[in-house]
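Subject: Structure handover

Hello,

Here is the structure for you to look over. My notes follow below it.

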Amino acid sequence: MPVNPELQGREFPPTPPYLVGREKVREFARAVFATSPISFEVDAARAAGHPDLVAPPTFPVVVQEATLAQLLAEPDAGIDFTRVVHGDQRFMFTRPVVAGDELTATLRVTSVKSLGAHSMVTAESTIVDADGQHVVTATSTLVVRGDE
């Protein structure tokens, strides 16, 4: 079954809030081999002008994952997860993610393209804080391999 082109423009409900914890920031920083002390030491983060630990720039994928799960579970999407390859990832920040943030994400499918037997689905997850202020937009492109 090919990817449903009518997914383009579809918006999904906001995810439940995700509370960014200090240990999650530290764990993620270690996992991506981050070395900046602002991701590990509260005093260093505060000295740099941040209210708490600063998450590495790719941390928003943790929050975005819940939105992509909505897309992959959509019954009429035509996306077979066993055939999905992550093609691209981008972030556009208003401000860094910091420990203590309570983040909510909303996904919108911005593009569905067919390339021969394959499809590319691009989706933007707009991530806001507890006050509804934009923090980051995470954009993913998923490649759905067709029958070969």
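How many positive and negative side chains does the chain have, and how far apart do the centres of the two sets lie? There are 12 positive and 19 negative side chains, and the two centres lie 4 Å apart. Lys and Arg count as positive, Asp and Glu as negative, while His and the chain ends are not counted. Each charge is placed at NZ of Lys, CZ of Arg, CG of Asp or CD of Glu.

Before the rest, the ground rules. This is a predicted model, where local features need pLDDT of at least 70 and side-chain atom pairs count only at pLDDT 80 or more, while totals for chains, interfaces and linings use all residues. Residues are numbered from 1 along each chain as its sequence is written, and side-chain values use heavy atoms, with hydrogens and water left out.

Overall picture

The chain has 3 helices and 5 strands. Both are DSSP runs numbered from the N terminus: helices are H or I with at least four residues, strands are E with at least two. From the N terminus, the order is β-α-α-α-β-β-β-β. The C-alpha trace spans about 55 × 30 × 20 Å along its principal axes. Of the 148 residues in the chain, 40% are buried. Buried means under 20% relative accessible area, exposed means over 50%, and partly exposed is in between (1.4 Å probe, protein chains only). The accessible surface is about 8,000 Å², and 56% of that belongs to carbon and sulfur atoms. Those areas come from the Shrake-Rupley method with a 1.4 Å probe; for residues, only the protein chains shown count as cover. Take the contacts between residues at least 6 apart in sequence: 68% of these join residues at least 24 apart. A contact means heavy atoms within 4.5 Å.

The sheet

The 5 strands form an open sheet with antiparallel pairing, in the order S1-S3-S4-S5-S2. Strands S1 (18-19) and S2 (84-93) stand at the edges with a single partner strand each, so one side of each has no neighbour in the sheet. Two strands count as paired if DSSP finds at least two bridges between them. In general, strands of a sheet pair through backbone hydrogen bonds, either parallel or antiparallel.

S3 (residues 102-115) and S4 (residues 118-128) are antiparallel over 11 bridges. Ser111 has Thr122 in S4 as its bridge partner. Arg108 stands opposite Glu124 in S4. On the S5 side, Glu124 has Thr139 as its bridge partner. S4 and S5 (residues 134-144) are antiparallel over 10 bridges.

Both turns are worth a look. The S3 and S4 hairpin has 2 residues between the strands, and Gly116 there takes a positive phi near 65°. The S4 and S5 hairpin has 5 residues between the strands, and Gly132 in the turn has a positive phi of about 80°.

Aromatic pairs

How many aromatic pairs are there? The count is 3. Rings of Phe, Tyr and Trp (its six-membered ring) pair if their centres lie within 6.5 Å; planes under 30 degrees apart are stacked, over 60 edge-to-face, and the rest tilted. Phe28 and Phe59 are edge-to-face, at 5.3 Å centre to centre with 80° between the planes. Phe28 lies in helix H1 (residues 22-31) and Phe59 in the loop between H2 (42-47) and H3 (60-73), so the pair ties together parts 31 residues apart in sequence. Phe28 is buried at 16% relative accessible area. Phe59 is buried too, at 1%. Phe91 and Phe93 form a tilted pair, at 6.1 Å centre to centre with 35° between the planes. Phe91 is partly exposed at 24%, and Phe93 is partly exposed at 35%. Tyr18, Phe28 and Phe59 form one aromatic cluster.

Two loop residues

Phe33 sits in the loop between H1 and H2. Phe33 has a positive phi of about 60°, although it is not a glycine. Phe33 is exposed, at 72% relative accessibility.

Leaving out residues up to four places away in sequence, Ala55 touches Val25, Ser39 and Val97.

Best regards
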